[in-house]
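The paragraphs below are meant to be read with the structure open alongside.

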Amino acid sequence: MPPRELTRPYEPNLALRLLYKTVFDRIQIDETWVRQVRQLAHEGSVVYVLRNLNFIDFFALDHLTKRYALPEIRFANDLGLWVLSPMGKGWLNAIFPRRDVTRSDELKDALERGGSAALFLKRPPTALEVTTGRAPPRGLSEGDGLLRALLALQATRDKPIRLVPQVFIWTKEPDSRGAGTLDRVLGATEAPTPLRTVGQYLYNYNHVSLRAGEPIDLAEFLRDHPNLPEDVQLRRITYGVLRRLERERRSVVGPAQKPPDRVRLEIVRSPRLKSTIRDLAGERAMDRTVLTGRALGMLRELAATPDVNTIKGLEAIFHRVFHRIYAGIEYDKPGLERVREACKEGTLVLLPSHKSHIDYLILSYVFNEENLQLPLIAAGDNLNFFPVGAIFRRGGAFFIRRSFKGDKLYAVVVDAYIRRLIRDGYPIELFLEGGRSRTGKLLTPKYGLLSMIVDAADAVEQRTTYFVPVSIGYERVIEAASYQRELTGGEKRKEDARELLKTPEVLRHRYGRINLQFGELLSLAQIRDELGLEPGSRLTPAKRRAVVTRLGNRVMDEINQVTAVTPGALTALSLLCHERRGLPYAELVERSARLLGRLRAEGARVTPTTQTPGGTLRAEAIREAVEMFRDAELVEVHLPGAADGEERRPKRRQRPPIDADSIINPVEQKRLTLDSSKNIVVHFFVERALVASALGMPHAARPTASESVLRERVQSLSRLFKFEFRFRADAPFDRIFDETLGGMLTDAVLARAEDGAIVAGAGLDGWTGHDWLGFYGSVLTPFLEGYRIAARGLSALLKGALSEKELVKKSLVAGNKMFFSGEVSRREAICKPMIENAIASFVEQGYLARDDGKLRLAESFQSTEAAQAIEGRLTGYLGVER
């Protein structure tokens, strides 16, 4: 007679099954967990280990294992969970219970019959037990007994038993230090009673998730620790499971939260801040009291006070807004999973690019959707205005002054606050560029706050800090109109509540898609290794600056490298980088397909909506981008044979469809706005564009030069554009030039003539080498023209020194004259940031000098002829005779 079946899977009735399906099917499950459990079950037995007894956890886990056809749970140490017994063990066991059967026997039966088991390690104390002081100890003796049984069973079998730590995240509310009245009655946030779990689910049902920790292989554990006493084995296994569960939980809800007043007091009492207050006050106790009060006030002005209810409200608002104005949010899911794993191991410092105020929201939005701990965001105090400042603060923003100069106490307060965040494990989001880029290109990194973070991370040796480069890309930014005004010389307006009145205008337009890409995660140990610094060695001020500078540059290079090609960027690139007024739509698509192939060859990432699964251009994406730009009145669509001016101011309800013969023209006055979309990917072409421009393209009919002359010209151009583009820092110029030239020769864009000269090659992908050089040269044309405008503006200095602001203003006026007189062909060359970069370059090259905050011509360039010679050095690359 076969042995009696001691365990059976739990089988709810029809009504409960429908309820479970309605409720538990909403729980977010990582598909990797399903594959992993299935594989582990194929190799041996699976035991799910949960921290705290909660029968809703059991019902959810039981339902999900059945939903995904995983080994069914045949055993759970229910500890009074009456629904599982006695009928849950079958009628025979209910009518004739066996007195000699232990829970360990039932556990063994469940695994030997091919099922799985659920093991709860702890039972939270009830409200009555807490009130009467009869709360049980933290560990459960039955849990220990079952772990002993599992170890004993593993010792008698070859197939491994894997303990899979599981935790249900019913709420995203952080754990709280100390138990309030609600915690005593309904259980703590991290160990809720079933009643509190129901409330958490109803409030957070869109974000309930099941997270699984790294499995523990008992067979491997016994092999690695054959001589450990049994009690030590149990402690190590229990600790290992609890540590894995806590890591999974903290990656979603973050560290335990303390009241803001308590946090401020603890920061003020930090040794470094106390020492600074003492030094500033000297021997006067009254001054120390005043300074301490000032420090507390600064912290109140500075610190974030994240609130789960505010975040919930913002989630609802932003979900509607984002889906109203954007066609979607695409993000790098493998990269996000790398971030998730790093979040379990250490502290995150997120370093995104900065092109829009939406940047403050989008990472938090995606992290919230993906059930990751929300970052605390470093924001400028210009955003701390009523009522937005208070809302953002409760959403996780902390506000920092633009300058710390002249206030030593404020600098130390900020430093102490950052150290506290790093020590507690809060993820921090910092915009390394300082301000928003108006041009689409990355700005030069600012190192002040990063230096504080590096110091704080270096002091917390037991927890790794990961620096995460993030590229945030837009096909259109909502600030396009204000950026256009600022780029052409208008003053930046201060943010205030009146700007919110423009929201209806924003909501009337579509802005394409947002794209997020994550670069390689960097650590201080890695940066130290790159610089040849000993691990753990004390950093001198010079070495610390080297670490911060290397880290900042590595982050910016990573952002450039992982920036993805979008339909908007590709369309703008195709429309702006040629010498004609417009392009037929069919040619625009063909041109975009060629450029996409070149971008892929350069290693650029491409968004899913831009390409087909096979990697070719999705033609419909270009049509969508043209429609988006037409909606913004950045391009016009002309039909052959249409009456003159018919489409010059297109009416939205009477737009002609776009077909193969439609001519797409950038709107002349809006080229600068369209240029910012192009500049998102322009860095992928800069090295080849320098070579093409050094050969006189796009104007030269027969481009040719010896390799030595070409090398010299390219180096001269790269020095000129030092402040305009980010050049590789991992290799010297000669190596980069050789690699670029070699690649262009291999692609037949260039060729070597019989005399060794470099000339245009046969070409590839349907374009001749001359065609490709023309495109590459066109990429650099607006920059060369912009620098020429800046050089023309230097003539204003012949009358005397000017402030940089005055010189930029006069250069922009000169640029407009040059454009309307035909000396400049690209309107996007008349650009304030480009003029400012050109001036910085002219100072670097010795054309200009700074005296008392003003700019003057260097002594050797103070004549009219010498000043004109500066412009003449640029016109040669533009094919202009002077």
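Predicted model: local features only at pLDDT ≥ 70, side-chain atom pairs only at ≥ 80, totals over all residues.

The protein chain has 882 residues, of which buried residues make up 53%, and its secondary structure consists of 35 helices and 28 strands. Taken along the principal axes, the C-alpha atoms of the protein chain fill a box of roughly 110 × 75 × 55 Å.

The empty spaces come next. Rolling a probe the size of a water molecule over the atoms shows where empty space is left. Five cavities of 30 Å³ or more are found in this way, and the largest cavity holds about 260 Å³ of space. Its lining is made up of 17 residues, and those closest to the centre of the cavity are Leu314, Phe318, Leu361, Ser364 and Gly395. Two or more lining residues come from each of helix H15 (308–325), helix H17 (359–369), strand E12 (376–380) and helix H18 (388–395), and H17 gives the most, with five residues. By class, the lining of the largest cavity has 12 nonpolar residues, together with four polar and one charged.

The second largest pocket, which is an open space, has a volume of about 1200 Å³. It is lined by 44 residues, and those nearest its centre are Leu442, Leu443, Thr444, Lys446 and Asn837. Helix H21 (480–487), helix H24 (541–562) and helix H34 (832–844) each supply at least two residues of this lining, with H34 giving the most, namely four residues. In the lining of the second largest pocket, 14 residues are nonpolar, 14 are polar and 16 are charged.

Glutamate 479 is found in the loop between strand E15 (465–474) and H21. Is this glutamate 479 buried or exposed? Its relative accessible area is 8%, and since buried means under 20%, glutamate 479 counts as buried. Its side chain is joined to that of serine 356 by a polar contact of 2.9 Å. When neighbours within four places in sequence are left aside, the residues in contact with glutamate 479 are Lys355, Ser356, His357, Ile358 and Arg436.

Just after H5, the backbone at glycine 114 takes a positive phi of about 85 degrees.

A disulfide is a covalent bond between the sulfur atoms of two cysteines. How many disulfides does the model contain? The count comes to zero, given a rule that asks for a pair of cysteine sulfur atoms within 2.5 Å. Cysteine 831 illustrates the point, because its sulfur is 15 Å from the closest cysteine sulfur, in cysteine 577, which is too far for a bond. Cysteine 831 is buried, with a relative accessible area of 3%, and cysteine 343, at 8% relative accessibility, counts as buried too.

Some remaining features belong to the backbone. A cis peptide bond, with omega of about -5 degrees, joins phenylalanine 386 and proline 387, and proline 387 is found in the loop between E12 and H18, two elements that each give residues to the lining of the largest cavity. The peptide bond from methionine 697 to proline 698 is also cis, with omega near 15 degrees, and proline 698 lies in the loop between helix H29 (686–694) and strand E23 (704–705).

Positive phi values are also found in residues other than glycine. Glutamate 633, with phi near 60 degrees, has its place in the loop between helix H27 (619–631) and strand E21 (635–638), and its relative accessible area of 40% makes it partly exposed. Aspartate 852, with phi near 50 degrees, is found in the loop between strand E27 (848–851) and strand E28 (854–857), and at 83% relative accessibility aspartate 852 counts as exposed.

How values were computed. Residues numbered from 1 in each chain as written. Heavy atoms only, no water. Buried < 20%, exposed > 50% of the residue type's maximum accessible area, 1.4 Å probe, protein only. 1 Å grid on protein atoms, 1.4 Å probe; cavity = no way out; pocket = protein on both sides within 12 Å on 5 of 7 lines; lining within 4 Å. Points joined across faces, edges and corners; volume = space filled by probe spheres on them. Nonpolar A, V, L, I, M, F, W, Y, C, P; charged D, E, K, R; others polar. Polar contact = N/O pair within 3.5 Å; in protein donor to acceptor, adjacent residues only side chain to side chain. Contact = heavy atoms within 4.5 Å.
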